Amino acid sequence: MNRHLLASLPFLLAVSFAAQTPAASAPPTAAPGTTPPATTQTAPPAGFAQTIVLWPNGAPGALGTTEGDIPKLFTYPTTGAGPHPTVIVMPGGGYTHLVMEQEGAYEARWLAAHGVAAFVLEYRLAPAYLYPTQSGDVSRAIRYVRSHAAELGVKPDAIGIWGFSAGGSLAGYAATIHDAGNPAAADPIDRVSDRPDFEIVSYGRMDMSVPLANGTLPMESILGPHPSQAAIDAIDPVKHVTAESSPSFLYSTTGDKTVDSRNAAKFYVALKAAGVASELHIFELGAHGTHMGEGLPPAMHELTVTPTLIANWMQLHGWMPAQPE
């Protein structure tokens with residue numbers, strides 16, 4: 001779905017700001033006459049090779065110049081002759097912090113070891129930044145990698161995203177609401193598509209009609225207190241699935257008391273109805289935040305198959321090289 005079709009909703013008028021609006025004219029997050037909330041500082045992930053600042057001249061809507069105001073990619077190149085498929089990993093953390101190691105660097109190193117170039121995205125966080133800042137950062141990351149594919153040694157038509165928890169919700173949004181780019185944009189990055197070629201979602205919020213266990217209203221952390229139903233629906237991934245949505249691998253657990261596994265199930269049903277290639281795995285055991293199934297109690301041993309399932313699915317579609325026997 002083209003994100004501009006949603007522009008009739010007032011709060012979404014800026015949804016394409018990441019691609020087309022200069023930083024100087026982006027609307028501030030804080031109300032006039034108030035002090036913007038402090039931005040959250042995030043420690044870089046381990047083992048990265050390079051840092052890429054997504055907007056070198058300042059991100060749209062930036063409230064300052066600290067590290068928390070600067071969305072960026074951390075690179076994890078793979079070996080061998082390219083170009084390579086690639087995945088942008090988006091950590092979870094409830095939009096207030098980022099789980100950079102277990103939902104970012106760990107997966108990026110695993111991907112790189114399996115012939116896939118990887119990036120970890122540091123997107124901006126609440127409460128300093130509210131929607132659509134986060135989705136704009138994801139959009140920019142995809143466009144950046146695609147527009148720089150040659151120099152990064154990656155395939156422009158094999159760019160995936162992998163989101164955990166809050167990052168999974170962002171992945172679902174990017175997979176269902178995207179555009180082909182603006183051919184007239186002054187910035188060449190904005191001229192290319194932000195549609196991911198595939199996505200992996202680990203325990204992400206994909207259906208806002210499924211309540212959270214703690215009673216929190218849907219997406220309140222990035223939409224603000226008491227968001228309207230129209231605002232919630234506008235960023236509800238399951239409501240925007242079309243035949244153009246990205247192929248998806250969905251992972252969840254029945255034991256997750258934070259993001260109910262019905263989120264993954266309902267999103268899968270919507271994808272299947274739209275004819276989108278998809279795969280769903282819901283394990284019986286496992287609380288929220290089981291990552292790739294590593295380091296868990298023996299009773300949850302079944303989750304250790306997760307990396308194999310993901311690798312098999314990626315290899316099926318040519319998004320990961322076949323591994324030697």
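Strand S6 and strand S7 (residues 248–253) run parallel and are joined by 4 bridges. Two strands are said to pair if DSSP finds at least two bridges between them. Helices (H or I, at least four residues) and strands (E, at least two) are DSSP runs, numbered from the N terminus. Within this pairing, Glu199 has Ser248 in S7 as its bridge partner.

Before I continue, please note that this is a predicted model, in which local features need pLDDT of at least 70 and side-chain atom pairs count only at pLDDT 80 or more, while totals for chains, interfaces and linings use all residues. Residues are numbered from 1 along each chain as its sequence is written, and side-chain values use heavy atoms, with hydrogens and water left out.

Let us turn to the other neighbour of S6. Strand S5 (residues 154–164) pairs with S6 (residues 198–202) in the parallel sense, over 5 bridges. Trp162 stands opposite Ile200 in S6, and Phe164 stands opposite Ser202. From S5 the chain passes through helix H5 (residues 166–176) to S6, in a right-handed β-α-β crossover. Right-handed here means that, with the strands pointing away from the viewer, the path from the first strand over the helix to the second runs clockwise.

Are the residues of S6 buried or exposed? Of its 5 residues, 5 are buried, that is, under 20% relative accessible area, where exposed means over 50% and partly exposed lies in between (1.4 Å probe, protein chains only). In a regular strand the side chains alternate between the two faces of the sheet. In S6, Phe198, Ile200 and Ser202 lie on one side, Glu199 and Val201 on the other, and both faces are covered.

These strands belong to an open sheet of 8 strands with mixed pairing, in the order S1-S2-S4-S3-S5-S6-S7-S8. At its edges are strand S1 (51–53) and strand S8 (278–283), each pairing on one side only.

Finally, I return to H5 and its helical partner. Helix H3 (residues 133–147) packs against H5 at an angle of about 65 degrees, with the axes 10 Å apart. Axes are lines fitted to C-alpha atoms, for helices over the stretch in contact, and angles run from 0 to 180 degrees between N-to-C directions. Gln134, Ser135, Val138 and Ile142 in H3 meet Leu170, Tyr173 and Ala174 in H5, where contact means heavy atoms within 4.5 Å. The residues of this contact comprise 5 nonpolar, 2 polar and no charged; Ala, Val, Leu, Ile, Met, Phe, Trp, Tyr, Cys and Pro count as nonpolar, Asp, Glu, Lys and Arg as charged, and the others, Gly among them, as polar.
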